Amino acid sequence: MHVAFELNGARVEADVESRTTLADCLRHHLLKTGTHVGCEHGVCGACTVIVDGAAVRSCLMLAVQAEGGRVLTVEGLSDDKALSPLQAAFRKHHALQCGFCTPGMLATAHALLTEEPDASKDRIREVLSGNLCRCTGYIPIVEAVFEARAAYRK
Ligand code: FES
Ligand code: FES
């Protein structure tokens, strides 16, 4: 099946099977490998991307469901020249170690702060609770997202 949507601001097209997930379409057809695939059944959050403003698990969404939509992946969070304020806060607070969860964490946090730039630490913890990290203990991730809030108020 043919699918076309906006990916990180540019129109893309792909020929996929009807059963192809958005995650596999992004990684294997469009070569955007920043989106990671862990559990492949909606538990870990590593595959989280933003579709039409909402954080979604791309392993649970079919590629054809993205037809005509706007998809934002970790590659679209910053230009090639500099880290985004959210990414810079992750670096500052050592909010990643192996980095496998990081694209999903960034996508989830970006969607949250775009909608709720005054999110409390409790709210940040609640929203990030759907993203699993085996390395950091979460505290630096919450600190990073909390610090990045200022950039979303502008
Ligand atoms: S790979 Fe999608 S939630 Fe784990
Ligand atoms: S940094 Fe390794 S899983 Fe989160």
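In what order do the five strands form the open sheet? In this predicted model, local features require pLDDT of at least 70 and side-chain atom pairs count only at pLDDT 80 or more, whereas totals for chains, interfaces and linings use all residues. Residues are numbered from 1 along each chain as its sequence is written, and side-chain values use heavy atoms, with hydrogens and water left out.

The order is β2-β1-β5-β3-β4, with mixed pairing; strands are DSSP runs of E of at least two residues, helices runs of H or I of at least four, both numbered from the N terminus, and two strands pair if DSSP finds at least two bridges between them. The edges are formed by β2 (10-15) and β4 (54-57), each of which pairs on one side only. From one strand to the next, the twist averages 40°. Strand β3 (residues 48-51) and β5 run antiparallel and are joined by two bridges; Ile50 has Leu72 of β5 as its bridge partner.

Helix α1 (residues 22-29) lies across β1 (2-7), β2, β3 and β5, at about 80° to β1. Helix α3 (residues 102-115) lies across β3, β4 and β5, at about 35° to β3. Contact denotes heavy atoms within 4.5 Å; axes are lines fitted to C-alpha atoms, for helices over the stretch in contact, and angles run from 0 to 180 degrees between N-to-C directions.

The ring of Phe146 has the charged end of Lys121 over it, 4.9 Å from its centre, and Arg149 over its face at 3.9 Å from the ring centre. The criterion is NZ of Lys or CZ of Arg within 6 Å of the ring centre and within 35 degrees of the ring normal.

Technical notes: Chains lettered and ligands numbered in written order.
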